[in-house]
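Biologist: Please put the model on the screen. I would like to go through some of its residues with you, one at a time.

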Amino acid sequence: MPVRTIWPVMMMTRRLLQLLLGLSLYGASMALMVRAGLGLDPWDVFHQGLAGRVGLSIGLVVNIVGAGVLLLWIPLRQWPGIGTIANVLVIGTAMDLSLLVLPDLDGLPVRGAGLALAVVANGVAGALYIGAGLGPGPRDGLMTGLARRTGWPIRRVRTGIELTVLAAGWLLGGTLGVGTVLYAFAIGPLVQAFLPLFTIRDTRAQAA
């Protein structure tokens, strides 16, 4: 089979595998943050608080909220990719499965180490699924869609969204703490550092 025929199949297979790995690791890192019990990222504060109110698992709530946010794309004229749909289905499922096998963390040093590992793993996971280039997650798409429609800077839109879900999650009983602050300051630089390692570029010309 000629290179020009097989290469797109190989590239798409690689993208899909990297996407699934990244989303699964993302869910596992979120579960580890829950087990650390030192605070969650803003969206997970909301997910955890809502899960406690409705009596569903946090992973299932992650998936349901992701699907709900995806519906908000319609008036924003955003179009989902494969990665967007996979995000809705995989992250929460991986989170629940990870919570089944991860033990509770005892003692502040162990919990602190678990938190640090979770944040770094989340940065790697974000770089993996973003680098696959198969579409943003529902929450990221909401941010970029609002920024495009309103003309506001992405930083302002993201801050507004995350402060809103953080406040709602805290009022619902979600865990807010030092992990929330650590995540807010560390996740951007971590994703930026790892993204060049995992960004998939089409190198058909070099291969040929």
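Biologist: Are Trp43 and Phe46 buried or exposed?

Modeller: First, this is a predicted model, in which local features need pLDDT of at least 70, side-chain atom pairs count only at pLDDT 80 or more, and totals for chains, interfaces and linings use all residues. Residues are numbered from 1 along each chain as its sequence is written, and side-chain values use heavy atoms, with hydrogens and water left out. The scale is relative accessible area, where buried means under 20%, exposed over 50% and partly exposed in between (1.4 Å probe, protein chains only). On that scale, both Trp43 and Phe46 are buried.

Biologist: How many aromatic pairs does the structure hold?

Modeller: Rings of Phe, Tyr and Trp (its six-membered ring) pair if their centres lie within 6.5 Å; planes under 30 degrees apart count as stacked, over 60 as edge-to-face and the rest as tilted. By that rule, the number of aromatic pairs in the structure is two.

Biologist: What is the angle between the planes of Tyr26 and Tyr129?

Modeller: Tyr26 lies in helix α1 (residues 3-36) and Tyr129 in helix α6 (residues 108-131), so their pair ties together parts 103 residues apart in sequence. Helices (H or I, at least four residues) and strands (E, at least two) are DSSP runs, numbered from the N terminus. Tyr26 and Tyr129 are both buried. Their pair is edge-to-face, with 5.8 Å from centre to centre and an angle between the planes of 75°.

Biologist: Why is the pair of Trp43 and Phe46 edge-to-face?

Modeller: Trp43 and Phe46 are three residues apart in helix α2 (residues 42-54), a separation of about one helical turn. Their ring centres are 6.4 Å apart, and the pair is edge-to-face because the planes are at 80°.

Biologist: Which residue has its charged end over the ring of Trp43?

Modeller: A charge sits over a ring if NZ of Lys or CZ of Arg is within 6 Å of the ring centre and within 35 degrees of the ring normal. Here the charged end lies 5.3 Å from the centre of the Trp43 ring, and it belongs to Arg139.

Biologist: With which side chain does the side chain of Gln78 make a polar contact?

Modeller: Gln78 is placed in the loop between α4 (73-76) and α5 (82-101), and it is buried, with a relative accessible area of 14%. A polar contact is a pair of N or O atoms within 3.5 Å; within protein, one must be able to donate a hydrogen and the other to accept it, and residues adjacent in sequence count only if both atoms are side-chain atoms. At 2.5 Å, the partner of the Gln78 side chain is that of Arg148.

Biologist: What is the phi of Arg77?

Modeller: Arg77 is also found in the loop between α4 and α5, and at 66% relative accessibility it counts as exposed. Most residues other than glycine have a negative phi. Arg77 is not a glycine, yet its phi is positive, at about 60°.

Biologist: How far apart in space are Ala167 and Asp106?

Modeller: Ala167 lies in helix α8 and counts as partly exposed, at 38% relative accessibility. Ala167 and Asp106 are 61 residues apart in sequence, and their distance in space, C-alpha to C-alpha, is 28 Å.

Biologist: What is the relative accessible area of Gln18?

Modeller: Gln18 lies in helix α1. Gln18 is buried, and its relative accessible area is 9%.
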